[in-house]
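This report covers charge pairs, a chain–chain interface and a surface patch. Keep the structure open while reading.

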Amino acid sequence: MTEPMKVSSKNLDFFYGPSQALYDVNLDFEQNKVTALIGPSGCGKSTFLRCINRMNDLIPIARVQGNLRIDDVDIYSPEVDVVDLRSRVGMVFQKPNPFPKTIFENVAYGLRVKGIKNKAYIASQVEKSLESAALLDEVKDRLHDSALGLSGGQQQRLCIARALAVEPEVLLMDEPASALDPVATQKIEELILQLKTTYTIIIVTHNMQQAARVSDVTAFFFMGKLIEADATETLFTKPRKQQTSDYITGRFG
Amino acid sequence: MLNLQTESISLKQQNGQFGKNGAPQGTPKSRRRLYQSIVFNFLRAAALINGAALAIILWFMLARGWRAINWEFLTTAPYDSMTKGGILPCIVGTLCLGIGAMIVAFPIGVASAIYLNEYARPGKVLRVIRLGINNLAGVPSVVFGLFGLAFFVIYLEMGVSLLAGALTLAAMSLPVIIGASEEALKSVPDTYREASLGLGATKWQTIYRVVLPAALPGILTGGILGLSRAAGELAPVMFTAAVFFAPHLPSSPFSEVMTLPYHIYVLATAGTEIEATRPLQYGSALVLIALVLGMNLAAIIYRARLRNRLS
């Protein structure tokens, strides 16, 4: 008996107006694993990531075909409420994007928009999330200062804390460390390894070393197609496809 | 300067008449510098003319009007066929009209801007609405005055009143407020919207909790610019709200009012004592300028404060 996959895409096609960005993507994501999506710029890995929380709905000309399931429910079926979906599937963006609000209010935001009013609960949830994002010690004395005063790395961990506060099941990360320096990047990577005990994590990265360090499974995208997906170690040491091998050895991209 | 000189000399020594590899050199450095300085000085002169125009206007009004201004001038009503007394009813009337116009135009303008920038999908409807707004901005103010007279004063039977004037001014200020609000909304980075939606917020929650607060300084600036422009307008109110002389301060939306621009206009063109009231005219103009500049200054200070609080 195999366990059902947390996230599963079947024959997924994606179009921006007339041009197709994803071709027949079939990819499964196991619970509590970190999956890295790698590939050259424009290969469709970010587009695929944004299909999982339906962020692409914001683009008027975007169109999805095929099947994307979370816990075996088709997230593009009309019964699924996109607002609920996004509170179950958190997202961390490429550039740290805290709101111009206090640190506390940034983390509390997801709870407030859910209509939660219980102050004690919000406060404990904020603290817990900052703790999980390994940021609490650095900011506990200035929770009510503006989040924009934090460093880039701190801002990105704040964005992770903000996503964790609503207790999502899946965490999407779109090149979360690409705008950060090496020290901040290392902190984010350590954090990812801790978080996978609780969350299913899907991370887009340009950095192959990063993929090798943090992920259990790696999927290689090229020109809108999923070329190969395998256990990270296998993919990086014994790739089955020539294109994968060329990419990971640095022959292009 | 000195550094550049030596650098150019050393370059010449290295490369001679021609550049490296004998490639022809472009414009000689001296001529390039001359062009530079001509253009730069021209631009600077253009900017200076701006500042000078404002300075001359202010100086002119101050020199001729300051004698007229005293406590009595600011706090009493005119008497003796407007040759004596003050301009309190005009100040009050101008403020009431401006604020009344904003009470109507600000919410409608901001709501329109939110719709246009956040909700409307690009297409024919949006193009038509935008065309309408742009054309509204281009309509001469006297046309608004006639429209107000025909529609609010006569057709809706409001009479010549504060209400009719405020509504007319509101219609005229709408494009200003919509324009400023749209600019402010556009300047809010999309990453804020994505972050909010990604956390499970609805579109309206995103707008209300994230986008509007971030755009607020710009939106309020638009509101106050609209207010100060409305306060200074003559044509839209001369048929709809303003009268030559009102014995009392406005007591209801249906009162007739005196306004500063109309007061100045009347004293300067239609009074029986045009020459004798010159100081009063300049005094009134000075008060009007001070009022408008004061509002703009308040807007600037308020915006700076909001910005500081946000960052």
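Lys6(A) and Glu169(A) form a salt bridge, with the closest N and O atoms 2.9 Å apart. The pair links distant parts of the chain, 163 residues apart. Lys6(A) lies in the segment before strand 1 (7–16) of chain A. Glu169(A) sits in the loop between helix 6 (152–165) and strand 7 (170–174) of chain A. The model is predicted. Over all chains, the rule counts 23 salt bridges.

Side chains of opposite charge can pair when their charged atoms come close. Across the interface of chain B and chain A, the rule finds 1 salt bridge. Glu194(B) and Arg50(A) meet there through their side chains, at 3.1 Å, N to O.

| Salt bridge | N to O distance |
|---|---|
| Lys6(A) with Glu169(A) | 2.9 Å |
| Glu194(B) with Arg50(A) | 3.1 Å |

Now the interface as a whole. Chain B brings 19 residues to the contact, and chain A brings 23 residues. About 1,900 Å² is buried between the chains. Carbon and sulfur atoms give 64% of that area. On the chain B side, Glu194(B), Leu199(B) and Arg209(B) lose the most area to chain A. Together they account for 33% of what that side buries.

Polar contacts between chain B and chain A come to 5 residue pairs, both residues at pLDDT 80 or more. Helix 8 (190–198) and helix 9 (203–232) of chain B each supply at least two residues of the side that touches chain A. Helix 8 of chain B gives the most, with 7 residues. By class, this side of chain B has 8 nonpolar, 8 polar and 3 charged residues.

Which residues form a nonpolar patch on the surface? They are Tyr115(B), Tyr119(B), Val125(B), Ile129(B), Trp204(B) and Tyr208(B). Their accessible area together is about 630 Å². Helix 4 (88–119), helix 5 (124–138) and helix 9 of chain B each give two or more residues to the patch. Tyr208(B) is found in helix 9 of chain B.

Note on methods:
Residues numbered from 1 in each chain as written. Chains lettered and ligands numbered in written order. Predicted model: local features only at pLDDT ≥ 70, side-chain atom pairs only at ≥ 80, totals over all residues. Heavy atoms only, no water. Contact = heavy atoms within 4.5 Å. Buried area = accessible area lost by both parts, 1.4 Å probe. Salt bridge = Lys/Arg side-chain N within 4 Å of Asp/Glu carboxyl O. Polar contact = N/O pair within 3.5 Å; in protein donor to acceptor, adjacent residues only side chain to side chain. Helix = DSSP H or I, 4+ residues; strand = E, 2+ residues; numbered from the N terminus. Nonpolar A, V, L, I, M, F, W, Y, C, P; charged D, E, K, R; others polar. Patch = residues over 30% accessible without salt bridge, like charges linked within 9 Å, V, L, I, M, F, W, Y side chains within 5 Å. Areas by Shrake-Rupley, 256 points an atom, 1.4 Å probe, with all protein chains shown as cover.
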